[in-house]
Amino acid sequence: MSDHAHPHHPNIVTPYGESSSKCGYCNGARAAPNSSPDSAKSSRTYGLLAPSLSPTLYKYLLDSGFRRSGTYIYLPNNKETCCPQHCIRLGCEDWEWKGERKVLNKVGRFCNPPLESSEVDYREELIAYVRENLLRLNVDERMLRDIGIKKKGDVYTTSILNTLKYKHKVSLEASEDDFENKDEVESLEIVKGFINITLFRRFSVSSFLPSTTKNAAVGVKSKKISYKLLPSHLSLHDPSVHRLYCEYQQKVHNDPNPYDDDPHNVDNSGFKRFLVDNPFSDEEKDLENGIVLEFDDENILESFDLLGCWHLHYLIDEELVMVSVLDFLPDALSSVYCFYATHSIPLGRWSVIKEVEFCRRWRIEWYYLGYYIESCPKMKYKGDYGVSWIRRGRGWMKLDAEGRRVMKEEEESLWEEEKEEEEEEKFGPARISEVANEIGIVLQVREGEAARSESDED
């Protein structure tokens, strides 16, 4: 994706300046000792209003540590704020996360209702699975002719390793990692020579048996998952979107739900400022019904101008269960906010998995998760999605075990008077001008009173 579709997109900003506010992460508990008579205002940021920005410039600002809330662009002052915030992103092409399969299988089990465990017996199929893996470990095929498997509930057990040890005098030091992953297998454990295999029950309609026959045999109706992409200003007109947002804010942030008082007279202006307004001119995108996304459509980036702010609707049987607010930028997808229904599926984690998958399909390099805060559990989780990268100093640091150690030490020594300083980086308006100059973009700075828009944690 490039900005070629908007070669004359103006870049207009009105400086708001530095500000202090109550920290939504620590509530002032991490404020600097004796730093201010009002420790409740311990969060320090620099902000500006940007009624118009090109996606290219915003992408560079994102890489420089900025984020946005509506048309308000802000940068944490990590030298003075109580909870230093670092931009975090995932590299999509080689991304791996060990929790991915577990989440997707929960989605699958919900969408394909489970059968009674007594209805299907997979012993023969699992005997073949165990035999195949032991043959890869160079076990003589003749020793594997008498594999036996017992079934108890959803767990299948074989003592073949003990048979090899005591009958054939072959001590095989096998581990769970020696067995190839299989979508049907939820877990495999080896305990005292016994191999215990637990299946995902949803796979009784999957690959062990023909899916069409099994579904029809028990009269199970699978739920349909669909995805729709809408420009933010069009998503606003769907009443179910704002209702879902209010329910989420009430559940997660204890905000009052206006639909509880007068469902026919609800003001959505705060929602509009926060998650609909943006600097990217999405009013030009006249797509009344949105774009129904298909994962095998790799040419969608050529078919539509996706640069700008969009709402990705997740639907199960046509019911809206989640909305991701996304900025499509050159070579990047930035998650602005995500809100969802109370559900048995871990919807937030599912959104990360599917959006990285979209990035891979459409050859988008980076997926941005917002800010990472080492000291805050509800923001630290963003570092749990496999290996990620956080912006630190003037570059990006890999958030592996060593990166986490570095971040923890920095958090613990936040207010120490003497510590090594890295190369000084420009802050606030100086950094914005520096970024614009680096990429050759003309920046129009308007003076005047700027009113900060309503912002939420992301």
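In this predicted model, an open sheet of 9 strands runs in the order β11-β10-β12-β13-β14-β15-β5-β16-β17, and its pairing is mixed.

Let's zoom in on one pair of neighbours. Strand β10 (residues 225–231) and β12 run antiparallel, and 7 bridges join them. Which residue of β12 stands opposite lysine 228? Histidine 313 does.

Helix α7 (residues 239–253) packs on it, touching β12, β13 and β14, and the direction of α7 makes about 75° with that of β14. Helix α1 (residues 55–63) lies across β5 (86–91), β12, β13, β14 (332–340), β15 (366–372), β16 (389–392) and β17. Relative to β13, helix α1 runs at about 95°.

Now stay with α7 and look at a helix that it meets. Two packed helices are described by the angle between their axes and the distance between the axes. For α7 and helix α8 (residues 269–276), the axes cross at roughly 90° and come within 11 Å. An angle from 65 to 115 degrees counts as roughly perpendicular, so α7 is roughly perpendicular to α8. On the α7 side, the contact is made by Val241, His242 and Tyr245; on the α8 side, by Phe271, Phe274 and Leu275. Sorted by class, the residues of this contact are 5 nonpolar, 1 polar and no charged.

Another helix pair is worth a visit. Helix α2 (residues 100–111) packs with helix α10 (residues 347–361) at an angle of about 110°, and their axes are 10 Å apart. These two helices are therefore roughly perpendicular to each other as well. Glu100, Val103, Leu104 and Val107 of α2 make the contact with Arg349, Trp350, Ile353 and Lys354 of α10. How many charged residues does the contact of α2 with α10 have? There are 3, together with 5 nonpolar and no polar residues.

Next comes another sheet. This open sheet has 4 strands in the order β6-β7-β9-β8, with antiparallel pairing. Its edge strands are β6 (149–152) and β8 (185–191), each of which pairs on one side only. On average, neighbouring strands of this sheet are turned by 20° against each other, direction ignored.

Inside this sheet, strand β7 (residues 155–158) pairs with strand β9 (residues 194–199) in the antiparallel sense over 4 bridges. There, threonine 158 has isoleucine 195 of β9 as its bridge partner. Strand β9 also runs antiparallel to β8, joined by 6 bridges, and valine 185 has leucine 199 in β9 as its bridge partner. Helix α3 (residues 123–136) lies across β6, β7, β8 and β9, running at about 125° to β9.

Most residues other than glycine have a negative phi. In the hairpin of β8 and β9, which has 2 residues between the strands, lysine 192 takes a positive phi near 50°. Lysine 169 has a positive phi of about 55°, although it is not a glycine. You will find lysine 169 in the loop between α4 (160–166) and β8. Is lysine 169 buried or exposed? Its relative accessibility is 68%, so lysine 169 counts as exposed. Aspartate 317 has a positive phi too, near 50°, and lies in the loop between β12 (308–316) and β13 (319–329). With 40% relative accessibility, aspartate 317 counts as partly exposed.

Finally, look at the cysteines. How many disulfides does a search of the whole structure find? The search finds 0. A disulfide needs two cysteine sulfur atoms within 2.5 Å. For cysteine 92, the closest cysteine sulfur belongs to cysteine 359 and is 3.9 Å away, which is too far for a bond. Cysteine 92 is buried, with a relative accessible area of 1%. For cysteine 376, the closest cysteine sulfur is in cysteine 83, at 6.5 Å, so it is too far for a bond. Cysteine 376 is buried, with a relative accessible area of 4%.

Conventions
Residues numbered from 1 in each chain as written. Predicted model: local features only at pLDDT ≥ 70, side-chain atom pairs only at ≥ 80, totals over all residues. Heavy atoms only, no water. Pairing = 2+ DSSP bridges. Axes fitted to C-alpha atoms, helices over the stretch in contact; angles between N-to-C directions. Contact = heavy atoms within 4.5 Å. Buried < 20%, exposed > 50% of the residue type's maximum accessible area, 1.4 Å probe, protein only. Parallel < 35°, antiparallel > 145°, perpendicular 65-115°, else oblique. Nonpolar A, V, L, I, M, F, W, Y, C, P; charged D, E, K, R; others polar.
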